[in-house]
Amino acid sequence: MHFVAAVAVSALLLTGCNPGGDPGGTSSEAPTASSTASPSPSPTPTATPVYVPASASGRAQNVPVPVLPEVAKTETKEGAIAFARYWFEVLSYSYETGELSLHESLTPQTCAPCQKSSEAIRAWHSEGRWMVGGQISTPAVDTTFSRDEAGKYKVSVQVHQTPLSYVRADGTVAHTDPQGADQGNLLIISYSSNSWRLDEVGSIVG
(Lines give C-alpha, C1' and ligand atoms only; values in the text may rest on other atoms or scores of the structure.)
Protein backbone atom coordinates (compact mmCIF):
# COMPACT_ATOMS: atom_id res chain seq x y z
CA MET A 1 0.00 0.00 0.00
CA HIS A 2 1.35 3.46 -0.92
CA PHE A 3 1.40 6.10 1.78
CA VAL A 4 1.90 9.85 1.36
CA ALA A 5 3.99 11.42 4.14
CA ALA A 6 2.24 14.00 6.30
CA VAL A 7 3.34 17.59 5.75
CA ALA A 8 3.51 19.84 8.85
CA VAL A 9 2.56 23.48 8.42
CA SER A 10 4.52 25.85 10.74
CA ALA A 11 2.50 28.25 12.88
CA LEU A 12 3.31 31.97 12.87
CA LEU A 13 3.29 33.49 16.42
CA LEU A 14 2.11 37.12 16.52
CA THR A 15 2.79 39.18 19.76
CA GLY A 16 0.94 42.49 20.27
CA CYS A 17 2.77 45.41 22.08
CA ASN A 18 0.89 47.94 24.22
CA PRO A 19 2.31 51.45 23.60
CA GLY A 20 1.56 52.54 27.17
CA GLY A 21 3.56 49.76 28.67
CA ASP A 22 0.41 48.18 30.00
CA PRO A 23 1.39 44.76 31.26
CA GLY A 24 -2.02 43.62 30.18
CA GLY A 25 -0.91 43.65 26.58
CA THR A 26 -2.47 40.88 24.56
CA SER A 27 -0.98 38.36 22.29
CA SER A 28 -2.57 35.95 19.87
CA GLU A 29 -1.24 32.69 18.67
CA ALA A 30 -2.33 31.12 15.41
CA PRO A 31 -3.17 27.46 15.84
CA THR A 32 -0.87 24.90 14.40
CA ALA A 33 -2.43 23.26 11.41
CA SER A 34 -1.43 19.92 10.01
CA SER A 35 -2.61 18.21 6.91
CA THR A 36 -2.30 14.46 6.42
CA ALA A 37 -3.11 12.87 3.10
CA SER A 38 -5.15 9.70 3.34
CA PRO A 39 -3.59 6.61 1.82
CA SER A 40 -5.00 5.60 -1.54
CA PRO A 41 -7.57 2.83 -1.14
CA SER A 42 -6.66 -0.57 -2.50
CA PRO A 43 -8.71 -1.60 -5.54
CA THR A 44 -11.51 -3.98 -4.70
CA PRO A 45 -10.89 -7.33 -6.38
CA THR A 46 -13.58 -8.40 -8.84
CA ALA A 47 -15.40 -11.47 -7.65
CA THR A 48 -15.35 -14.41 -10.05
CA PRO A 49 -18.91 -15.49 -10.89
CA VAL A 50 -19.66 -18.88 -9.41
CA TYR A 51 -20.72 -21.64 -11.80
CA VAL A 52 -24.10 -23.08 -10.87
CA PRO A 53 -25.24 -26.15 -12.82
CA ALA A 54 -28.82 -26.44 -13.95
CA SER A 55 -31.28 -28.13 -11.60
CA ALA A 56 -35.00 -28.49 -11.09
CA SER A 57 -34.85 -25.02 -9.52
CA GLY A 58 -33.56 -23.24 -12.61
CA ARG A 59 -31.21 -23.08 -15.54
CA ALA A 60 -27.41 -23.14 -15.34
CA GLN A 61 -25.63 -19.92 -14.40
CA ASN A 62 -22.15 -18.58 -15.20
CA VAL A 63 -21.22 -21.56 -17.36
CA PRO A 64 -17.56 -21.12 -18.45
CA VAL A 65 -17.31 -20.39 -22.17
CA PRO A 66 -15.00 -22.90 -23.91
CA VAL A 67 -11.71 -21.41 -25.07
CA LEU A 68 -10.00 -22.65 -28.21
CA PRO A 69 -6.49 -23.87 -27.27
CA GLU A 70 -3.59 -22.37 -29.20
CA VAL A 71 -2.52 -25.82 -30.39
CA ALA A 72 -5.97 -26.25 -31.98
CA LYS A 73 -5.01 -23.50 -34.43
CA THR A 74 -2.17 -25.56 -35.93
CA GLU A 75 -2.32 -28.09 -38.75
CA THR A 76 -0.81 -30.87 -36.68
CA LYS A 77 -2.05 -34.14 -35.21
CA GLU A 78 -2.19 -32.47 -31.79
CA GLY A 79 -4.08 -29.55 -33.31
CA ALA A 80 -6.68 -31.81 -34.92
CA ILE A 81 -7.26 -33.67 -31.66
CA ALA A 82 -7.51 -30.42 -29.68
CA PHE A 83 -10.02 -28.99 -32.15
CA ALA A 84 -12.18 -32.12 -31.96
CA ARG A 85 -12.26 -31.92 -28.16
CA TYR A 86 -13.07 -28.20 -28.35
CA TRP A 87 -15.96 -28.82 -30.76
CA PHE A 88 -17.62 -31.16 -28.27
CA GLU A 89 -16.93 -28.75 -25.41
CA VAL A 90 -18.84 -26.10 -27.35
CA LEU A 91 -21.71 -28.53 -27.99
CA SER A 92 -21.83 -29.34 -24.26
CA TYR A 93 -21.88 -25.61 -23.47
CA SER A 94 -24.86 -25.19 -25.80
CA TYR A 95 -26.79 -27.95 -24.06
CA GLU A 96 -26.25 -26.25 -20.70
CA THR A 97 -26.94 -22.68 -21.73
CA GLY A 98 -29.07 -22.77 -24.87
CA GLU A 99 -26.51 -20.43 -26.45
CA LEU A 100 -25.93 -21.65 -30.01
CA SER A 101 -23.98 -18.86 -31.71
CA LEU A 102 -20.56 -20.37 -30.99
CA HIS A 103 -21.69 -23.87 -31.92
CA GLU A 104 -23.23 -22.71 -35.17
CA SER A 105 -20.10 -20.75 -36.08
CA LEU A 106 -18.21 -24.07 -36.05
CA THR A 107 -20.90 -26.21 -37.66
CA PRO A 108 -21.91 -26.34 -41.33
CA GLN A 109 -25.56 -26.28 -42.33
CA THR A 110 -24.97 -29.52 -44.24
CA CYS A 111 -24.26 -31.47 -41.03
CA ALA A 112 -27.62 -33.16 -40.39
CA PRO A 113 -26.82 -34.57 -36.91
CA CYS A 114 -25.51 -31.16 -35.86
CA GLN A 115 -28.66 -29.40 -37.02
CA LYS A 116 -30.83 -31.94 -35.20
CA SER A 117 -28.97 -31.22 -31.95
CA SER A 118 -29.30 -27.48 -32.49
CA GLU A 119 -33.05 -27.76 -33.03
CA ALA A 120 -33.52 -29.73 -29.80
CA ILE A 121 -31.38 -27.27 -27.82
CA ARG A 122 -33.17 -24.23 -29.25
CA ALA A 123 -36.60 -25.72 -28.57
CA TRP A 124 -35.92 -26.63 -24.95
CA HIS A 125 -34.27 -23.34 -24.08
CA SER A 126 -37.23 -21.26 -25.25
CA GLU A 127 -40.45 -20.14 -23.57
CA GLY A 128 -38.90 -20.47 -20.12
CA ARG A 129 -37.81 -24.08 -20.52
CA TRP A 130 -34.32 -25.41 -19.86
CA MET A 131 -32.20 -28.56 -19.76
CA VAL A 132 -30.56 -30.28 -16.82
CA GLY A 133 -27.47 -32.42 -17.33
CA GLY A 134 -26.31 -33.49 -20.75
CA GLN A 135 -22.69 -32.47 -20.18
CA ILE A 136 -20.40 -33.97 -22.80
CA SER A 137 -16.87 -35.25 -22.31
CA THR A 138 -14.44 -36.94 -24.68
CA PRO A 139 -12.50 -39.71 -22.86
CA ALA A 140 -10.56 -40.68 -25.99
CA VAL A 141 -9.71 -38.86 -29.22
CA ASP A 142 -7.38 -40.13 -31.93
CA THR A 143 -6.47 -39.63 -35.57
CA THR A 144 -4.04 -41.12 -38.06
CA PHE A 145 -3.65 -37.55 -39.34
CA SER A 146 -3.80 -38.73 -42.94
CA ARG A 147 -5.20 -36.16 -45.35
CA ASP A 148 -7.33 -37.52 -48.19
CA GLU A 149 -7.46 -36.22 -51.75
CA ALA A 150 -10.08 -33.65 -50.77
CA GLY A 151 -7.79 -32.28 -48.04
CA LYS A 152 -9.86 -33.70 -45.18
CA TYR A 153 -8.84 -35.50 -42.00
CA LYS A 154 -10.73 -38.08 -39.92
CA VAL A 155 -10.76 -37.88 -36.13
CA SER A 156 -12.35 -40.64 -34.05
CA VAL A 157 -13.89 -39.50 -30.77
CA GLN A 158 -15.29 -41.44 -27.83
CA VAL A 159 -18.20 -39.32 -26.54
CA HIS A 160 -19.72 -39.58 -23.07
CA GLN A 161 -22.88 -37.63 -22.18
CA THR A 162 -24.56 -37.49 -18.78
CA PRO A 163 -28.34 -38.09 -18.51
CA LEU A 164 -30.33 -35.19 -19.91
CA SER A 165 -33.63 -33.93 -18.48
CA TYR A 166 -36.03 -31.62 -20.30
CA VAL A 167 -37.63 -29.19 -17.83
CA ARG A 168 -40.79 -27.17 -18.45
CA ALA A 169 -41.13 -23.53 -17.45
CA ASP A 170 -43.00 -24.50 -14.27
CA GLY A 171 -40.11 -26.71 -13.15
CA THR A 172 -41.71 -30.06 -13.95
CA VAL A 173 -39.66 -32.59 -15.89
CA ALA A 174 -41.12 -33.53 -19.27
CA HIS A 175 -38.81 -36.51 -19.70
CA THR A 176 -35.25 -37.67 -19.11
CA ASP A 177 -32.89 -39.41 -21.49
CA PRO A 178 -31.35 -42.34 -19.60
CA GLN A 179 -27.62 -42.78 -19.30
CA GLY A 180 -26.50 -44.36 -22.52
CA ALA A 181 -23.31 -46.11 -23.48
CA ASP A 182 -20.45 -44.00 -24.79
CA GLN A 183 -20.71 -43.32 -28.50
CA GLY A 184 -18.06 -43.48 -31.17
CA ASN A 185 -18.13 -40.44 -33.45
CA LEU A 186 -16.12 -39.72 -36.56
CA LEU A 187 -15.39 -36.08 -37.27
CA ILE A 188 -14.37 -35.05 -40.77
CA ILE A 189 -12.40 -31.83 -40.54
CA SER A 190 -10.29 -29.68 -42.84
CA TYR A 191 -7.75 -26.92 -42.35
CA SER A 192 -7.56 -23.56 -44.09
CA SER A 193 -6.76 -19.93 -43.25
CA ASN A 194 -4.93 -21.01 -40.08
CA SER A 195 -7.95 -22.70 -38.55
CA TRP A 196 -9.80 -26.01 -38.48
CA ARG A 197 -13.40 -26.39 -39.56
CA LEU A 198 -15.88 -29.22 -39.20
CA ASP A 199 -17.24 -30.73 -42.40
CA GLU A 200 -19.17 -33.77 -41.24
CA VAL A 201 -20.02 -35.85 -38.16
CA GLY A 202 -20.83 -39.53 -38.32
CA SER A 203 -21.16 -42.53 -36.01
CA ILE A 204 -18.62 -45.30 -35.69
CA VAL A 205 -20.45 -48.64 -35.71
CA GLY A 206 -19.00 -51.89 -34.44
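V141 has its bridge partner in β7, and that partner is V157. Strands here are DSSP runs of E, at least two residues, and helices are runs of H or I, at least four, both numbered from the N terminus. Before going on: this is a predicted model, where local features need pLDDT of at least 70 and side-chain atom pairs count only at pLDDT 80 or more, while totals for chains, interfaces and linings use all residues. Residues are numbered from 1 along each chain as its sequence is written, and side-chain values use heavy atoms, with hydrogens and water left out.

Back to the strands. β6 and β7 (residues 152-161) are antiparallel, over five bridges; two strands pair if DSSP finds at least two bridges between them. S137 sits opposite H160 in β7. On to β10. β7 and β10 run antiparallel and share eight bridges. There, K152 stands opposite S190 in β10.

Now the whole sheet. It is open, with four strands in the order β6-β7-β10-β11 and antiparallel pairing. Which strands stand at the edges? β6 (136-142) and β11 (195-203) do; each has a single partner strand, so one side of each lacks a neighbour in the sheet. Direction ignored, neighbouring strands are turned by 35° against each other on average.

α1 packs on this sheet and touches β6, β7, β10 (183-192) and β11. Contact means heavy atoms within 4.5 Å. The direction of α1 makes about 165° with that of β6. Axes are lines fitted to C-alpha atoms, for helices over the stretch in contact, and angles run from 0 to 180 degrees between N-to-C directions.

Next, the helix pair. α1 (residues 77-97) and α3 (residues 112-124) pack at about 25°, axes 10 Å apart. That makes α1 roughly parallel to α3, the term for angles under 35 degrees. W87, L91, S94 and Y95 in α1 meet C114, S117 and I121 in α3. The residues of this contact are five nonpolar, two polar and no charged. Nonpolar covers Ala, Val, Leu, Ile, Met, Phe, Trp, Tyr, Cys and Pro; charged is Asp, Glu, Lys and Arg; the others, Gly among them, are polar.

Last, α3 itself. It has 13 residues and reaches 19 Å from first C-alpha to last, close to the expected 18 Å. That expectation is 1.5 Å times one less than the number of residues. Which residues of α3 are buried? C114, Q115, S117, S118, I121 and W124 are, buried being under 20% relative accessible area with a 1.4 Å probe, protein chains only. Their cover includes α1, α2 (101-106), β5 (130-133), β8 (164-167), β9 (173-177) and β11.

Key. Parallel < 35°, antiparallel > 145°, perpendicular 65-115°, else oblique. Buried < 20%, exposed > 50% of the residue type's maximum accessible area, 1.4 Å probe, protein only.
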